[in-house]
Amino acid sequence: MGQTNHLIQQKREKDFAWIERMSTLLDNKFSIGGFRFGLDPLLNLIPYAGQFVAFGMSLALVVVMLRNGAGSKVAVKMLLNVLLDAILGSIPLIGYAFDFFNKANKKNVKLLREHYFEGKHQGSAKGLLITLFIIIVLLCVAVFYLMYILAEWIFDTLGNLF
């Protein structure tokens, strides 16, 4: 049994080292004037395809982490980092700046290190998912309400013109 645990630990350490290398490549590989950046913001300069490739690479890192026993709570946090990076990074102009400063992969490595070695982010993701669902519902309600107010204003303005 001890041999099996040792082999699992060796594989986890090997995969963790690979994850750290890939994360560095995506987020911190290059330095100009003390400012560090990786391939992620550079790929974003290629419309659509660059963001898709960066998202795919970040998602692959999360999948490797999940295969190595990352719990559901830490996995959801990592996926939220990747999704936030992909969504905000895809906004023209703002997304370019965002990709230089938001380092989702480095955040994910930190979360994974805390999960494996410090015992943090353990347990079920149910509470996190429920909170996220409530936030999304509230945002949808707010957007629909603002759309209603905007439509009402447009119809009133057009009605007054004619």
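**Exercise 1.** Determine which residues of helix α3 are buried, and on which side of α3 they lie.

*Solution.* Step 1: the buried residues of α3 are Gly50, Gln51, Ala54, Ser58, Leu61, Val62, Val64 and Met65. Step 2: these residues lie on the same side of α3 because they cover an arc of only 160° around the axis; the arc is that of the directions from the helix axis to the C-beta atoms. Step 3: Phe52 and Arg67, on the other side of α3, are exposed. Here, buried means under 20% relative accessible area, exposed over 50%, and partly exposed in between (1.4 Å probe, protein chains only). Helices (H or I, at least four residues) and strands (E, at least two) are DSSP runs, numbered from the N terminus.

The model is predicted: local features need pLDDT of at least 70 and side-chain atom pairs count only at pLDDT 80 or more, whereas totals for chains, interfaces and linings use all residues. Residues are numbered from 1 along each chain as its sequence is written, and side-chain values use heavy atoms, with hydrogens and water left out.

**Exercise 2.** Compare the span of α3 with the expected span, and state what follows the helix.

*Solution.* Step 1: the 19 residues of α3 reach 27 Å from the first C-alpha to the last. Step 2: this is close to the 27 Å expected at 1.5 Å a residue, where the expected span is 1.5 Å times one less than the number of residues.

**Exercise 3.** State how many salt bridges a search of the whole structure finds, and describe the pairs.

*Solution.* Step 1: the search finds 2 salt bridges, each a side-chain nitrogen of Lys or Arg within 4 Å of a carboxyl oxygen of Asp or Glu. Step 2: Arg113 pairs with Glu20, their closest N and O atoms being 2.1 Å apart. This pair links distant parts of the chain, with Arg113 in helix α6 and Glu20 in helix α1, 93 residues apart. Step 3: Lys110 pairs with Glu114 at 3.2 Å, N to O; both lie in helix α6, 4 residues apart, about one turn of the helix. Lys110 is exposed, with a relative accessible area of 52%, whereas Glu114 is buried, with 12%.

**Exercise 4.** Decide whether Asp27 is buried or exposed, and find the nearest side chain of opposite charge.

*Solution.* Step 1: Asp27 is in helix α1. Step 2: Asp27 is buried yet has no salt bridge, and Lys103, the nearest side chain of opposite charge, is 6.0 Å away. Lys and Arg count as positive and Asp and Glu as negative; His and the chain ends are not counted. Step 3: leaving aside neighbours within four places in sequence, the contacts of Asp27 include Arg36, Asp40, Lys103 and Lys106.

Methods
Contact means heavy atoms within 4.5 Å.
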